[in-house]
Amino acid sequence: MIRQSLKFRKTLTIICIVALLIFIFLKLKQDKVYDIQIAKEDQKSDDVQGLSYRDFNRQPKKDIPKEESIRKMETKIVGDNTKQELQEAKARIEQLEKKLAVLEGRIPQKYPEVKYLGYKHRKRILVTGGAGFVGSHLVDVLMMRGHEVIVVDNFFTGRKRNVEHWFGHRNFEMIHHDIVNPLYVEADEIYHLASPASPPHYMQNPVKTIKTNTLGTINMLGLARRVGAKILIASTSEVYGDPMVHPQPESYWGHVNPIGPRACYDEGKRVAETLAYSYAKQEKVVVRVARIFNTYGPRMHASDGRVVSNFIMQALQNLTITVYGNGKQTRSFCYVSDLVDGLLALMDSSYTLPVNIGNPVEHTIEEFAVIIKDQVPGCRSTVATGAAVEDDPQRRRPDIAIAEKHLHWSPKISLQEGLQRTIDYFKEELSRTTFYNNQTYMDANVKLLH
Ligand SMILES: O=c1ccn([C@@H]2O[C@H](COP(=O)(O)OP(=O)(O)O[C@H]3OC[C@@H](O)[C@H](O)[C@H]3O)[C@@H](O)[C@H]2O)c(=O)[nH]1
């Protein structure tokens with residue numbers, strides 16, 4: 001019995017050992033098969049990477065969710081890193097900009113030389129339209145004479161660039177304001193120049209033009225009355241309209257079409273003069289009225305639309321010089337520094353009636369086109385005539401006897417010299433930008449003249 005039991009145990013042990021060996025053998029075999037499969041898969045994947053895009057698309061799509069999720073995770077990590085780097089860079093730039101502003105503030109700004117005026121002689125002077133073409137030149141002289149200057153401009157036609165060389169100066173202040181709305185500042189003198197002056201500009205928004213010249217002028221005269229300031233109103237030769245008297249003296253009442261396309265400006269300025277003398281009579285405001293004739297010079301806008309800027313820009317670019325109408329209409333052109341001298345002399349004088357400020361040297365527009373063409377070296381422009389502009393004044397030349405007698409003023413800069421300075425300015429403007437919006441207020445339905 002005992003022997004039988006021992007034999008059975010021995011047999012069982014042998015069976016177990018054999019079974020264990022078989023299990024181990026099978027396990028090893030299975031692992032080997034799996035390794036071979038993986039190796040094959042890798043080989044396939046390597047092959048796919050070597051395929052062209054077209055071949056790849058021909059391959060049966062395989063399901064690899066594991067790889068996709070790994071790729072997504074990698075993209076997310078890269079994205080997060082880039083964002084963080086970007087944020088850090090932005091913060092750094094902000095820091096550097098602040099530092100730059102502080103350092104720039106420490107460098108003393110180089111301003112044009114300004115005379116020192118004691119408090120008895122230093123005036124606080126308001127210039128409306130002070131960022132415009134004429135206004136900015138006037139501001140320069142007032143600043144250099146040592147006065148405190150407040151510029152008010154709505155930047156409709158004015159530009160910050162014209163006065164930016166005074167930014168930060170202790171005598172200079174700039175207010176972005178439309179004088180159609182009341183203004184409350186202290187001033188000893190007011191030069192009221194705010195209004196678009198170029199025909200295409202003032203015709204573009206006639207309601208705004210007449211509001212500026214009526215409501216705006218009422219606001220400025222009201223301000224002058226409140227603070228006891230002396231005020232100079234910038235009027236225009238356009239109050240004479242298409243004149244029947246030549247040259248035009250201040251005593252001429254004019255010939256204006258009250259409902260024509262220029263009326264918003266012509267009549268606006270005539271009302272401004274009426275307002276000035278009404279405030280003078282009724283409110284005892286001290287007024288001066290300057291009738292400004294055609295003026296030109298640096299800081300005119302390249303697309304201003306007036307004849308000087310148009311012709312110079314056209315000549316500099318060898319474009320056709322566009323004469324409106326037959327070119328027989330005349331104008332007399334005054335260089336901007338002469339005009340500014342005249343305005344200053346008028347403000348300082350005791351003469352209270354309107355005064356013509358302009359240069360009496362008269363040319364036809366056709367002649368003027370040729371003068372400009374000849375003064376631009378190498379100009380290959382042709383001069384052409386087109387349709388006439390409605391209500392265009394046919395003759396204009398100031399009688400400056402009053403200015404000569406009462407202001408001891410007459411223009412000093414010759415047309416040739418003034419044009420040279422203006423041509424040089426526009427040359428520089430052109431080199432700053434190649435863009436030129438050749439804005440005109442008529443169709444260039446032109447026929448060749450020369
Ligand atoms: O490209 C042009 C531009 C203008 N012209 C002509 O040149 C003459 C002068 O025209 P501008 O546009 O320069 O100026 P205007 O004389 O018509 O008006 C000006 O008058 C005096 C100021 O008060 C103002 O600045 C403005 O209203 C006009 O006969 C006009 O028709 C051209 O022949 N070609």
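Predicted model: local features only at pLDDT ≥ 70, side-chain atom pairs only at ≥ 80, totals over all residues.
Figure 1. On the α6 side, look for contact residues including Pro-206, Ile-210, Thr-214, Thr-217 and Leu-221. Their partners on α7 include Tyr-265, Gly-268, Ala-272, Leu-275 and Tyr-279. Sorted by class, the contact has eleven nonpolar, five polar and three charged residues. As you follow either helix, keep one rule in mind: an α-helix has 3.6 residues a turn, so residues three or four places apart point the same way.

**Figure 2. Helix α8 is oblique to helix α10.** Here the axes of α8 (residues 307-316) and α10 (residues 365-375) come within 9 Å and cross at roughly 40 degrees, which makes α8 oblique to α10. The crossing of α8 past α10 is right-handed. Val-307, Phe-311, Ile-312 and Ala-315 of α8 meet Ile-365, Phe-368, Ala-369, Ile-372 and Lys-373 of α10. Eight residues of this contact are nonpolar, none is polar and one is charged.

**Figure 3. Helix α9 has the length its residue count leads us to expect.** At 1.5 Å a residue, the 13 residues of α9 (residues 336-348) should span 18 Å, and the end C-alpha atoms are 19 Å apart, which agrees.

**Figure 4. A cis peptide bond joins His-246 and Pro-247.** Omega for this bond is about -15 degrees. You can find Pro-247 in the loop between β5 (230-236) and α7.

**Figure 5. Arg-299 and His-408 each have a positive phi without being glycine.** For Arg-299, phi is about 80 degrees; for His-408, phi is near 50 degrees. Arg-299 sits in the loop between β7 (295-296) and α8, while His-408 belongs to the loop between α11 (401-407) and α12 (415-432). Which of the two is buried, and which is exposed? Arg-299 is buried, with 22 other C-beta atoms within 10 Å, whereas His-408 is exposed, with 9 other C-beta atoms within 10 Å.

Terms used:
Residues numbered from 1 in each chain as written. Contact = placed C-beta atoms within 7 Å. Helix = DSSP H or I, 4+ residues; strand = E, 2+ residues; numbered from the N terminus. Nonpolar A, V, L, I, M, F, W, Y, C, P; charged D, E, K, R; others polar. Expected span 1.5 Å × (residues − 1). Axes fitted to C-alpha atoms, helices over the stretch in contact; angles between N-to-C directions. Parallel < 35°, antiparallel > 145°, perpendicular 65-115°, else oblique. Left-handed = near helix turned anticlockwise from the far one by under 90°. Buried ≥ 20, exposed ≤ 12 C-beta atoms within 10 Å, placed from the backbone.
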